[in-house]
Amino acid sequence: MKIGYTGGVYDLLHVGHLSIFKNAKQHCDYLIVGVNSDELVKKYKNKTPAVPLEERMELVEAVKYVDAVIPRHDLEKVQFSINNKIDIVFIGSDWKGNERWARDEAELNKHGIELVYLPLRNKEMLSTTKLISKIQSWLP
């Protein structure tokens with residue numbers, strides 16, 4: 001059985017997230033999705049998610065492509081993947097060429113773990129930040 005993993009904030013779950021989950025599930029038998037904790041998001045994005053962790057996890061858990069949801073309190077991928085017997089880590093193709101992900105990919109590969117960059121579905125339109133901005137523009 002191939003175990004896959006992807007993770008993120010999933011503050012406002014949208015069709016771009018569903019696309020990543022669906023594409024990831026096509027490459028593995030069991031898909032684990034990590035949802036970044038409020039504290040972690042505040043630490044690396046310097047903002048608090050609009051939706052609390054427990055509710056974001058509940059939404060992600062309801063997606064039919066997702067087999068398990070776990071909270072994440074750090075961004076470390078390599079030891080996490082080893083400890084959880086992950087075979088494939090999935091990330092959006094917008095991260096390809098990113099220095100941190102290039103290092104992670106090399107380390108994952110050393111342990112026989114594949115990193116797959118999944119195509120994004122119209123990144124310009126399907127960004128949580130852009131959706132929040134659009135919603136704010138509607139407010140008086």
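From the N terminus on, the elements of the protein chain in this predicted model run β-α-β-α-α-β-α-β-α-β-α, which makes six helices and five strands (DSSP runs numbered from the N terminus, with at least four residues of H or I for a helix and at least two of E for a strand). The radius of gyration, taken over C-alpha atoms, is 15 Å, close to the 14 Å that the globule rule gives for 140 residues, so the chain is as compact as a globular protein of that length. That rule is 2.2 Å times the number of residues to the power 0.38. Of the 140 residues, 42% count as buried (under 20% relative accessible area, with a 1.4 Å probe and protein chains only).

Helix H1 (residues 15-25) has its share of these: Gly16, His17, Ser19, Ile20, Phe21, Asn23 and Ala24 are buried. Their cover includes strands E1 (3-8), E2 (30-36), E4 (88-92) and E5 (114-118), along with helices H3 (53-61) and H6 (128-138).

Then there is Lys77, in the loop between strand E3 (68-72) and helix H4 (78-83). Lys77 is buried yet has no salt bridge (a side-chain nitrogen of Lys or Arg within 4 Å of a carboxyl oxygen of Asp or Glu); Asp104, the nearest side chain of opposite charge, is 5.6 Å away. A polar atom of the Lys77 side chain does lie 3.0 Å from the backbone oxygen of Leu75. Neighbours within four places in sequence aside, Lys77 is in contact (heavy atoms within 4.5 Å) with Tyr5, Arg100, Trp101, Asp104 and Leu108.

Residues are numbered from 1 along each chain as its sequence is written. Local features need pLDDT of at least 70 and side-chain atom pairs count only at pLDDT 80 or more, while totals for chains, interfaces and linings use all residues; side-chain values use heavy atoms, leaving out hydrogens and water.

Definitions and conventions:
Buried < 20%, exposed > 50% of the residue type's maximum accessible area, 1.4 Å probe, protein only. Lys, Arg positive; Asp, Glu negative; His and termini not counted. Polar contact = N/O pair within 3.5 Å; in protein donor to acceptor, adjacent residues only side chain to side chain.
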